[in-house]
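Look over the sequence and model first.

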Amino acid sequence: MICLFLSACATNAEETASETKEEAKEEANQEEHQKEEEQQEQEKESEQEQKEKQTDENDKQSSEDEKQEAEELYEVNANDSSLQALKDGVDEQKVLITIDDAPDTYSVEMAEYLAEADVPAIFFVNGHFLKDDEGKENLKKIHDMGFEIGNHTMTHSDVTELSKEELENEILGLNELVKDIIGEEPTFFRAPFGMNSEESKALLEEQDMVWMNWTYGYDWESEYQNAEALADIMVQTELLRSGANLLMHDREWTNQALPDIIEGFREKEYGFINPDNIKQ
Ligand SMILES: [Zn+2]
């Protein structure tokens, strides 16, 4: 609307200029004309900006669509929690990186490293890390970097010990809390200690959530609670194979070992599974 109005003004100014013969007036009109032209110029620029903005928004929209429509290439094997290729040609060597007990102290730093290294991952979060502003901010940062956020229960409790009401608070309560912070609920669930019950499995199924344990991890064992030993075993273990579901935690030594672990996998020509490609 502003555009049209200014164009109309410009036309009027031209008409006025042609009707006027006196020099002084003409000069004044020329000045005015120049101003009009400048305005039109600015207008064009802002139109251009608008168009660019629109294009950016379209891009954003289409990348969101892409995420929703990400191809299902893997599914979680319910027996051993490995990732199984659903189609021929996708079973090239790849592993899934998961970080549990997030976002405690090191998760943001770990996410920053992984983002920089272009490695996708799932961060399984607990509600007790999301109660204060700092925890919420950290969750947002991790999510904004593009990582999948999984549910690891509200208080890291053993779900096999819970009443129905407690179970709902631990799983559904955390889903709501996460949604309040990042705008979407987790799809993946990992039970603390890898222990699900028939009740927890039924609840997860009812919620269209996918649970997974892991195929291997070492950072909770005392002999691997240093970066060097951990980086070595994570890559050299005989358990390493395509589709391995790797468990790591928000811990100091794991944070320190992470770059060597990722580089170690790359040296062995392993890639990384994008959680967007896991069947939900
Ligand atoms: Zn845990």
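At what angle do the axes of helix α3 (residues 107-116) and helix α4 (residues 133-144) cross, and within what distance do they come? They cross at roughly 10° and come within 10 Å. α3 and α4 are therefore roughly parallel, a term for angles under 35 degrees. α3 passes α4 in a left-handed crossing, meaning that the near helix is turned anticlockwise from the far one by less than a right angle. Ser107, Val108 and Ala111 of α3 make the contact with Asn138, Lys141 and Ile142 of α4. Residues are in contact if their C-beta atoms, placed from the backbone, lie within 7 Å. By class, this contact has three nonpolar, two polar and one charged residues.

The model is predicted: local features need pLDDT of at least 70, side-chain atom pairs count only at pLDDT 80 or more, and totals for chains, interfaces and linings use all residues. Residues are numbered from 1 along each chain as its sequence is written. Helices (H or I, at least four residues) and strands (E, at least two) are DSSP runs, numbered from the N terminus. Axes are lines fitted to C-alpha atoms, for helices over the stretch in contact, and angles run from 0 to 180 degrees between N-to-C directions.

Another packed pair is α7 with α8.

| Helix pair | Axis angle | Axis distance |
|---|---|---|
| α3 and α4 | roughly 10° | within 10 Å |
| α7 (residues 227-236) and α8 (residues 252-267) | about 35° | 8 Å |

α7 passes α8 in a right-handed crossing. Among the residues of α7 that meet α8 are Leu230, Met234 and Val235. Those on the α8 side include Trp253, Ile261 and Phe265. By class, the contact of α7 with α8 has nine nonpolar, three polar and one charged residues.

Now the strands. Five of the five residues of β8 (residues 245-249) are buried, so β8 is largely enclosed by the rest of the structure. Buried means 20 or more other C-beta atoms within 10 Å of a residue's own; exposed means 12 or fewer. Asn245, Leu247 and His249 point one way from β8. Leu246 and Met248 point the other way. β3 and β8 pair in the parallel sense over five bridges, where pairing takes at least two DSSP bridges. Ile97 stands opposite Leu246 in β8.

Glu92 lies in the loop between β2 (83-85) and β3 (94-102). Is Glu92 buried or exposed? Glu92 counts as exposed, because 10 C-beta neighbours lie inside 10 Å. Glu92 and Ser242 are 150 residues apart in sequence, yet 7.1 Å apart in space, C-alpha to C-alpha.

Technical notes
Two residues are in contact if their C-beta atoms, placed from the backbone, lie within 7 Å. Ala, Val, Leu, Ile, Met, Phe, Trp, Tyr, Cys and Pro count as nonpolar, Asp, Glu, Lys and Arg as charged, and the others, Gly among them, as polar. Angles under 35 degrees count as roughly parallel, over 145 as roughly antiparallel, 65 to 115 as roughly perpendicular and the rest as oblique.
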